[in-house]
Amino acid sequence: MKALVVRLDSFGDVLLAGPAVRAVAAHSSGVTMLCGPRGEPAARLLPGVDEVIVWAAPWEGVDPPSVQEADVDDLVRRLREAAFDVALVLTSFHQSPLPTALLLRMAGVGRIGADSVDHPGRLLDVRHRRLPGRHEAEAALDTAVAMGFRPHPGDDGRLRVLPPPDTIALTGNGPYVVVHPGASAPARAWSPGRCAEAVALLADAGHRVIVTGGPGETELTRRVSGGTAVDLGGKTEPRILAGVLRTADVVVCGNTGPAHLAAAVGTPVVSLFAPVVPAERWGPYGVPSVLLGDQGAPCADSRARNCPVPGHPCLDEVTGQDVVQAVRKLLKERA
C-alpha cells in the first residue's frame, strides 16, 4: 500500500508529525510526505519517510503563493501519477484539511483521512475529531490511529529523527548548554538583551554555552554570544543542528522549530514560551522541560506574530537568572 502523509506548514509542525508518520510506515509499502518548503528539511529527517514532495500551498504561511503560482494542476498530475492508495492529512487545530483533501480527491487517492471540525462532505473517508487539550503530536497520531495506522508495538510515540552526525568539531569537548535566541515570529522570541544576559549568567555559573541560529540570524547570535559563548550562527543546517542539540545538556529556546528538534533527539528544554498559542499543544513533547513565561498574559491564544502588548511582558519579565535556575533544575533531574 502506497501512503501519502501531508503536513504543509513549518519545520516544527512537520517534526511533530513524526510519530504519526512512523505509524503509517508500519502498515505501508512506502511513505511519501507532501510538505511545504519550510517543512522540507524536517521531512527529510523523519524515520519512515521514503520520498518527499515539496509544494507551497496558497493557504499556508505568512506569504503564500497565489493559486496561479502554486500550479495546482501540476501537483494534482504528480499525485495522480504516483497512484497513492491512502492519504493522511495533518493540520493544526486552527487549520482546515479540506482544501488539501479536495486536491487529493482530484488526484484519485483512494482513501483520505483527517481531523476536521468542518463538515467534509465527500472529501474525507475518515473524519476524526480530536480530543480537547491534546498535544499536536498526540492529535496527529490519534488521527493516524483512527485510519487504522496503529504504531508498531515497540514505538514509544515520542518525536524522533534519523541519527545525526557527530558535531564535536563544532562544539568542542565537554558538556555544554545551547541557547537558541531566534524564533519564526517576533512574538515568540525572548529579547536579544535578555538572551545575552542569560548567556553571561550561565557562563558565570560554570556552564559552557553554545549559541545557535539560522543563516539570517548571525547578527543576533553574535550579539547574544557576547564573546563568552561559542557562536554557531549560520553554521548548523538542520542535520548538523540535530547533532549539536543531541549532545547538549539542556537547550534554552522559544516556541520554535529547534525546541521540537531538541525533543526529537531527547534533550531537555528550557522553554521560553509566549502564550500566543497554548503550551499544552505546542510545548516540548516527551522530554523533561521547564516552561517560562506568563501563560495568562493578555496575548494568550491570540496567535499573534508580533506582540500586541507593549514591552512584550509575557517573556521579557523572565530574567536571565530564571533561566539559570531552570537549567540547574533540569540538570539535577537528569543526574
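Leu4 touches Thr32, Met33, Leu34, Leu79, Phe84, Val86, Ala87, Leu88 and Leu104, leaving out residues up to four places away in sequence; contact here means heavy atoms within 4.5 Å. The model is predicted, so local features need pLDDT of at least 70 and side-chain atom pairs count only at pLDDT 80 or more, while totals for chains, interfaces and linings use all residues. Residues are numbered from 1 along each chain as its sequence is written, and side-chain values use heavy atoms, with hydrogens and water left out.

Leu4 belongs to strand β1 (residues 2–7). Helices (H or I, at least four residues) and strands (E, at least two) are DSSP runs, numbered from the N terminus. With a relative accessibility of 1%, Leu4 counts as buried; the term buried stands for under 20% relative accessible area, exposed for over 50% and partly exposed for what lies in between (1.4 Å probe, protein chains only). Leu4 and Val270 are 266 residues apart along the chain, and their C-alpha atoms are separated by 34 Å. A charge is counted as sitting over a ring if NZ of Lys or CZ of Arg is within 6 Å of the ring centre and within 35 degrees of the ring normal.

A charge sits over the ring of Phe93 as well, where the charged end of Arg281 is 4.0 Å from the ring centre. Arg281 in turn is in contact with His135, as are Leu16, Glu280, Trp282, Gly283 and Tyr285, leaving aside the neighbours of His135 within four places in sequence. His135 itself is found in the loop between β6 (126–128) and α7 (136–146).

Turning to aromatic rings, the structure holds one aromatic pair. Trp55 and Trp59 form this pair in an edge-to-face arrangement, 5.6 Å centre to centre and with 65° between the planes. By the criteria used, rings of Phe, Tyr and Trp (its six-membered ring) pair if their centres lie within 6.5 Å, and planes under 30 degrees apart count as stacked, over 60 as edge-to-face and the rest as tilted. Trp55 is buried, at 7% relative accessible area, whereas Trp59 is partly exposed, at 31% relative accessibility.

Helix packing comes next. Two packed helices are described by the angle between their axes and the distance between the axes. Helix α9 (residues 192–204) packs against helix α10 (residues 218–225) at an angle of about 45°, and the axes are 8 Å apart. This makes α9 oblique to α10. Axes are lines fitted to C-alpha atoms, for helices over the stretch in contact, with angles running from 0 to 180 degrees between N-to-C directions; angles under 35 degrees count as roughly parallel, over 145 as roughly antiparallel, 65 to 115 as roughly perpendicular and the rest as oblique. On the α9 side, Pro192, Gly193, Cys195, Ala196 and Val199 meet Leu220, Arg223, Val224 and Ser225 of α10. The residues of this contact divide into six nonpolar, two polar and one charged, where Ala, Val, Leu, Ile, Met, Phe, Trp, Tyr, Cys and Pro count as nonpolar, Asp, Glu, Lys and Arg as charged, and the others, Gly among them, as polar.

Val323 lies in helix α15 (residues 320–334) and is buried, with a relative accessible area of 0%. Not counting residues up to four places away in sequence, Val323 touches Trp190, Ala198, Leu202, Val252, Leu272 and Leu292. Leu292 is also among the contacts of Ser271, together with Cys253, Pro284, Val290 and Leu291, again leaving aside neighbours within four places in sequence. Ser271 is part of strand β11 (residues 269–272) and counts as buried at 1% relative accessibility.

Asp301 has a phi near 65°, a positive value in a residue other than glycine, and Asp301 is exposed, with a relative accessible area of 53%. His312 likewise has a positive phi, near 50°, in a residue other than glycine, but His312 is buried, with a relative accessible area of 11%.
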